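Please have the sequence and the structure in view while reading.

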Amino acid sequence: IETGISKRFGLSRTPIREAMRVLESRGFVVFLPFKGWRVKEVSMEEVREACVIRAHLASLSAELACQNLTSADLELLESILCDMSAALQFVDVVAYFDLNVRFHDVIERAAGNGTLTKTMESIDKMTLRYRFLSLSLSGRLKKSFNEHSRMVKAFKERDTKGAATIAKESALNSGKLLVESFFNCYPAVRV
């Protein structure tokens, strides 16, 4: 892979090797001696574990954010939600996913906890591909939109417990659907 990329883009192998190490540290690829780089196979258990951790972190983030969200934050969440509705109507998974990330970025920022933000960023990078795959599954976009609508309602009502519960359920639903859809058919999947 290194040589092919090096020739294609006219780069030395050193920056390519460094980029591959970054991908390896994030769990996307593995290096096999005498074979080179390969996309890392992901087990059902790894997906379950990552989704459970993300669900609890999302719940904590929503709980902390609920009391800190400003009226401008709430307007921004409603605006993003409106755009998510449009993406849902067009079944535009890529646009919806990008909006979903922005939505949760607003919540994480409002939570006001730097350590939580860094931890969420780390787990979000780890679970990014799972979350995208989950949204591409039949019916998930609509369920996700309904969960996000309920979350905004809870935020507006300053319902800390409700917002935290919805955030956690949303992340767990996403993971559960992914595991049921992919891993019941394939014991190890490249995602």
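In this predicted model, the contact between helix 5 and helix 6 brings Val93, Val94, Tyr96, Phe97, Asn100, Val101, Glu108 and Ala111 of helix 5 together with Leu116, Thr117, Met120, Asp124, Leu128, Arg131, Phe132 and Leu135 of helix 6. Sorted by class, the residues in this contact of helix 5 with helix 6 are 11 nonpolar, two polar and three charged.

| Helix pair | Angle | Axes apart | Crossing |
|---|---|---|---|
| Helix 5 (residues 93-111) and helix 6 (residues 114-135) | about 160° | 11 Å | right-handed |
| Helix 3 (residues 44-68) and helix 6 | about 135° | 10 Å | left-handed |

Helix 5 and helix 6 pack at an angle of about 160°. Because angles over 145 degrees count as roughly antiparallel, helix 5 is roughly antiparallel to helix 6.

Helix 3 also packs with helix 6, here at an angle of about 135°, and the two helices are therefore oblique to each other. On the side of helix 3, the contact is made by Val47, Ala50, Ile53, Arg54, Leu57, Ala58, Leu60, Ser61 and Leu64, while helix 6 contributes Leu116, Thr119, Met120, Ile123, Asp124, Met126, Thr127, Tyr130 and Arg131. By class, this contact of helix 3 with helix 6 holds 12 nonpolar, three polar and three charged residues.

Read together, the two lists show that residues of helix 6 including Leu116, Met120, Asp124 and Arg131 take part in the contact with helix 5 and also in the contact with helix 3.

How values were computed: Residues are numbered from 1 along each chain as its sequence is written. This is a predicted model: local features need pLDDT of at least 70, side-chain atom pairs count only at pLDDT 80 or more; totals for chains, interfaces and linings use all residues. Side-chain values use heavy atoms; hydrogens and water are left out. Axes are lines fitted to C-alpha atoms, for helices over the stretch in contact, and angles run from 0 to 180 degrees between N-to-C directions. Helices (H or I, at least four residues) and strands (E, at least two) are DSSP runs, numbered from the N terminus. Angles under 35 degrees count as roughly parallel, over 145 as roughly antiparallel, 65 to 115 as roughly perpendicular and the rest as oblique. A crossing is left-handed if the near helix is turned anticlockwise from the far one by less than a right angle, and right-handed if clockwise. Contact means heavy atoms within 4.5 Å. Ala, Val, Leu, Ile, Met, Phe, Trp, Tyr, Cys and Pro count as nonpolar, Asp, Glu, Lys and Arg as charged, and the others, Gly among them, as polar.
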